[in-house]
Amino acid sequence: MDLHNDIDKILISETEIEAIVTDIAKKISEDYKGKKLLLLCILKGSVVFMGDLMKHISIPVQIDFMKVSSYGSGTTSGNLKIKLDLNRDDLDTTDILIIEDIIDSGKTLSSLTKYLAERGAKSVRSCTLLDKPSRREVAFTPDYTGREIPDEFVVGYGLDYDEDYRALPFVGILKREVYENK
Ligand code: PRP
């Protein structure tokens with residue numbers, strides 16, 4: 001099975017992604033100089049972005065992982081389902097930067113930011129590769145955004161459809177027939 005055949009169009013090429021990642025990494029390196037920065041990767045979609053981003057950041061960083069999903073209509077931290085929690089006791093001295101592949105309704109980042117603040121993190125900010133502003137249900141603006149995109153079904157570079165396509169090196173639009181005929 002060649003997954004490339006299922007792609008209608010490449011939305012962001014490998015070269016474009018590299019430029020986006022380099023640019024964001026430079027900004028983060030400047031903004032967090034002298035701070036204890038924790039890059040918090042939200043599984044699973046963000047692993048590829050996280051891996052590339054951390055290599056380009058020129059200041060020391062620590063990394064950690066959470067797996068979460070938001071549910072319901074609210075945006076409080078109580079609407080967050082935590083499948084893998086952050087297991088550290090030094091959050092009061094830690095500046096957290098949440099790393100996401102995509103922000104859609106905004107519920108996940110909104111609830112997660114509240115949760116980490118309630119746990120006493122020194123600061124909580126967020127960085128997303130992709131943003132679909134047209135899909136927003138709750139007001140939320142990430143601190144670092146790679147690219148705003150239209151409301152298309154995107155896969156690759158960590159993003160999946162039914163757990164496939166995550167390893168593609170670009171962000172592509174999935175052919176309609178792939179998900180409409182299932
Ligand atoms: C995606 C993405 C965010 C969330 C964004 O994760 O990685 O965590 O959805 O959506 P929202 O802005 O509407 O809250 P997903 O649940 O698809 O899990 P995955 O990363 O494991 O594929």
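Student: How far is a polar side-chain atom of Asp160 from an oxygen atom of the ligand?
Tutor: In this predicted model, the separation is 3.3 Å.

Student: And what is the distance for the side chain of Asp101?
Tutor: An N or O atom in the side chain of Asp101 is 2.5 Å from a ligand oxygen atom. The backbone contributes as well: an N or O atom of Gly106 lies 2.8 Å from an oxygen atom of the ligand.

Student: How much of the ligand's accessible area does the protein cover?
Tutor: On its own the ligand has 500 Å² of accessible area, and the protein covers 76% of that.

Student: Which residues around the ligand are the closest?
Tutor: The ligand is surrounded by 16 residues, the closest being Glu100, Asp101, Ser105, Gly106 and Thr108. By class, the shell comprises 8 charged, 5 polar and 3 nonpolar residues.

Student: Which element gives the most to that shell?
Tutor: That is β5, with 4 residues. The elements giving two or more residues are β3 (61–70), β5 (95–103) and α3 (107–118).

Student: What volume does the largest pocket have, and how many residues line it?
Tutor: Its volume is about 770 Å³. The lining consists of 35 residues, of which Asp101, Ile102, Asp104, Leu159 and Asp160 are closest to the centre. Elements contributing two or more lining residues are β3, β5, α3, β9 (171–174) and α4 (176–180).

Student: How do the lining residues divide by class?
Tutor: The lining of the largest pocket has 16 charged, 12 nonpolar and 7 polar residues.

Technical notes
Residues are numbered from 1 along each chain as its sequence is written. This is a predicted model: local features need pLDDT of at least 70, side-chain atom pairs count only at pLDDT 80 or more; totals for chains, interfaces and linings use all residues. Side-chain values use heavy atoms; hydrogens and water are left out. A residue is near a molecule or strand if one of its heavy atoms lies within 4 Å of it. A polar contact is a pair of N or O atoms within 3.5 Å; within protein, one must be able to donate a hydrogen and the other to accept it, and residues adjacent in sequence count only if both atoms are side-chain atoms. Accessible areas come from the Shrake-Rupley method with a 1.4 Å probe; for residues, only the protein chains shown count as cover. Ala, Val, Leu, Ile, Met, Phe, Trp, Tyr, Cys and Pro count as nonpolar, Asp, Glu, Lys and Arg as charged, and the others, Gly among them, as polar. On a 1 Å grid over the protein atoms alone, a cavity is a set of points where a 1.4 Å probe fits but cannot get out, and a pocket is an open set with protein on both sides within 12 Å along at least five of seven lines; lining residues have an atom within 4 Å of a point. Grid points are joined across faces, edges and corners, and a volume is the space filled by probe spheres set on the points.
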